[in-house]
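Take a first walk through this chain.

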Amino acid sequence: PQTEIQKKMHAVEQSLTWSPAGGGGATSTPLWKDDDDGALLNPQEGSEAGYSGRVVENRVTVRDAPKDYEYLYDLCVKLERLKAQELENPRFGVILAVVEDGSVEGEGDTKEEDGGMSSLEGVIGGKTTTTYTANTDWINEDWINEHIVKDEKYDSIKFRFRDPMLFKQFDKTREKSRDDIIRTMVQKLLLHANDITQLELSHCLLPDAFLKILAEEVLKNPAESFPNLQLLNFESNLIQGLGIEVLSEVILNESAWKYLQAILMENQKHSMTNEAERALAEAVSRSPSIVVFSASIQSPYKLKEINDTLLYNGDQLRLARRDHQTKEGTLKDRKRTEIELYFDSIALNESDIEEVEIVGDQKFLTLNDAEKAKSGEAFATNTHVKSVKMTHLGLQDDFAQMFGDAIANNTTIERVCIDSNSITGTGMKAIFAGLGQNSSIVEIQCRHQKKLMATLDEDALPNLLASNTSILKLGIDVRSKLVKLKLDRIVNANMDRARKRRASAKHQA
């Protein structure tokens, strides 16, 4: 069985992997494998090459900033190490649920790796391993060491605390004593700040106060407070508001937690407040390091903002890895993806492809701009494809230019639909120039483009299409009534010719 972190890392593999080919979904080829079986980005083309049209509006400054590929490659290596560690040391934790009265229910077996202390023993057996008192004397080095899990192979030191009895005993009714305990605990942990790479305090009724005090202590000296921290796990607790807001300030701080890559905050007893959700989304969306994130986010806009950031950060890790391999001379020629091989087959005129239909395909969207453009060129010498439908794919003017050149020579394609893309007037002129030399296409639809055509570009279309005698259906968004009238005249003239041809053929028969 997979652990919760393994499941989340697997989900990240899917979202961060360049997916090879048609039909949507994602592959399981992870970021950290050597055989780059996806459409990887090329650092030589710039940091935004092939960025799949994903936009994080409030990260413009971050995206435009010079990229430190040594730092990003270090992040990539650390992520590989975290993944390998989770695969090698699976944990089967008790399933705990915080119920209305604040008690904890659980079932199942536990297995702790590397001799780590199971604080859940006390919950299941009805006993606690520590007597918690308000004077905090029990929070000493021995107690901290009991909750430290070391993994020398993966250079990992984790602080793990999962005993809900502490914060059940010192809840908000004993706020002063609780805060004193938390502050003492954090200060003791800071004595190990350079060593700890993971903080895991899940299933322990952790309150907002813990996050608030932790963040306040870290912000006193952000560069030296857990500088190697890679994972925060606060799942299944009571955090929902102010603690998340203050924690977000740490994430936003450029000197703090530069290697933080995973934040796990699912299954809280209460929904996150609007202010906390807004602060956390803002912080994550400006982080260059976070690639794993789980929390219940109600706002679709904020959720998309976070997801876009995770995808963007994953892109940058690939760029860094490729840059490193190029410098080391270890870069391997990647395999062509399935979607690229599909268009290669079209270019090679293979007879088994007669209809191309790709609509919003995530695997096509992961191609870089050069490969997207080349897909339009594939039809130039093909004599088998009769119908082309490529919509919601972010196709731009480079594709339109190559597709226009292709249909100028193609004599087989009859129907084309390239609705809902990003083709401007420049691209439309290239397509209409190709149609002017084409004699086989009877229908073309190119409406609902994300970018409007300039008036001069619209005015040029009728002259470019004037020599066409085959178009019978034309769908295009133009604002000029005069241009629309001229285009309709060309189509109507072609329809008259078609009727005359049919009448003549019938008469001869």
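How many helices and strands does the chain have? The chain has 18 helices and 13 strands. Both are DSSP runs, numbered from the N terminus: helices are H or I runs of at least four residues, and strands are E runs of at least two.

The model is predicted, so local features need pLDDT of at least 70, side-chain atom pairs count only at pLDDT 80 or more, and totals for chains, interfaces and linings use all residues. Residues are numbered from 1 along each chain as its sequence is written, and side-chain values use heavy atoms, with hydrogens and water left out.

Start with the whole chain. Of its 509 residues, 52% are buried. Buried means under 20% relative accessible area, exposed means over 50%, and partly exposed lies in between, with a 1.4 Å probe and protein chains only. Now take contacts, meaning heavy atoms within 4.5 Å. Among contacts between residues at least 6 apart in sequence, 78% join residues at least 24 apart.

Next, the cores. A nonpolar core is a set of buried Ala, Val, Leu, Ile, Met, Phe, Trp, Tyr and Cys residues joined through side-chain atoms within 4.5 Å. The largest one has 58 residues. F159, F210, F234, W257 and F293 have the most contacts inside it. Elements that give two or more residues to this core include β4 (156-160), α7, α8 and α11 (300-328). Which element gives the largest share? That is α8, with 7 residues.

Look at F210. Leaving aside neighbours within four places in sequence, F210 is in contact with F167, I182, M185, V186, L201 and F234. There is also a second, separate core of 41 residues. M390, L393, V416 and V491 are among its members.

Now turn to a helix pair. Helix α7 (residues 175-190) and helix α8 (residues 208-220) have axes that come within 9 Å and cross at roughly 45°. Axes here are lines fitted to C-alpha atoms, for helices over the stretch in contact, and angles run from 0 to 180 degrees between N-to-C directions. The angle makes α7 oblique to α8. Angles under 35 degrees count as roughly parallel, over 145 as roughly antiparallel, 65 to 115 as roughly perpendicular, and the rest as oblique. The crossing is right-handed. A crossing has that hand if the near helix is turned clockwise from the far one by less than a right angle, and is left-handed if anticlockwise.

On the α7 side, the contact includes R178, D179, I182 and R183. On the α8 side, A209, F210 and I213 are among the residues that take part. By class, this contact has 8 nonpolar, 1 polar and 5 charged residues. Ala, Val, Leu, Ile, Met, Phe, Trp, Tyr, Cys and Pro count as nonpolar, Asp, Glu, Lys and Arg as charged, and the others, Gly among them, as polar.

I213 sits in helix α8. Is I213 buried or exposed? It is buried, with a relative accessible area of 4%. Not counting residues up to four places away in sequence, I213 touches D179, I182 and R183. I213 and D179 are 34 residues apart in sequence, and their C-alpha atoms are 7.9 Å apart in space.

Helix α17 (residues 455-465) and helix α18 (residues 481-508) pack at an angle of about 15°, with axes 9 Å apart. That makes α17 roughly parallel to α18. Their crossing is left-handed. E458, D459, L461, P462 and L465 in α17 meet V483, K486, L487 and I490 in α18. This contact has 6 nonpolar, no polar and 3 charged residues.

Finish in the loops. L393 lies between β10 (387-391) and α15 (397-409). L393 is buried, at 0% relative accessible area. Its contacts, beyond neighbours within four places in sequence, include I358, F364, K372 and N421.

Two other loop residues have a positive phi without being glycine. D155, in the loop between β3 (148-151) and β4, has a phi of about 50°. D155 counts as exposed, at 58% relative accessibility. S236, in the loop between β6 (231-233) and α9, has a phi near 55°. S236 is buried, with a relative accessible area of 7%.
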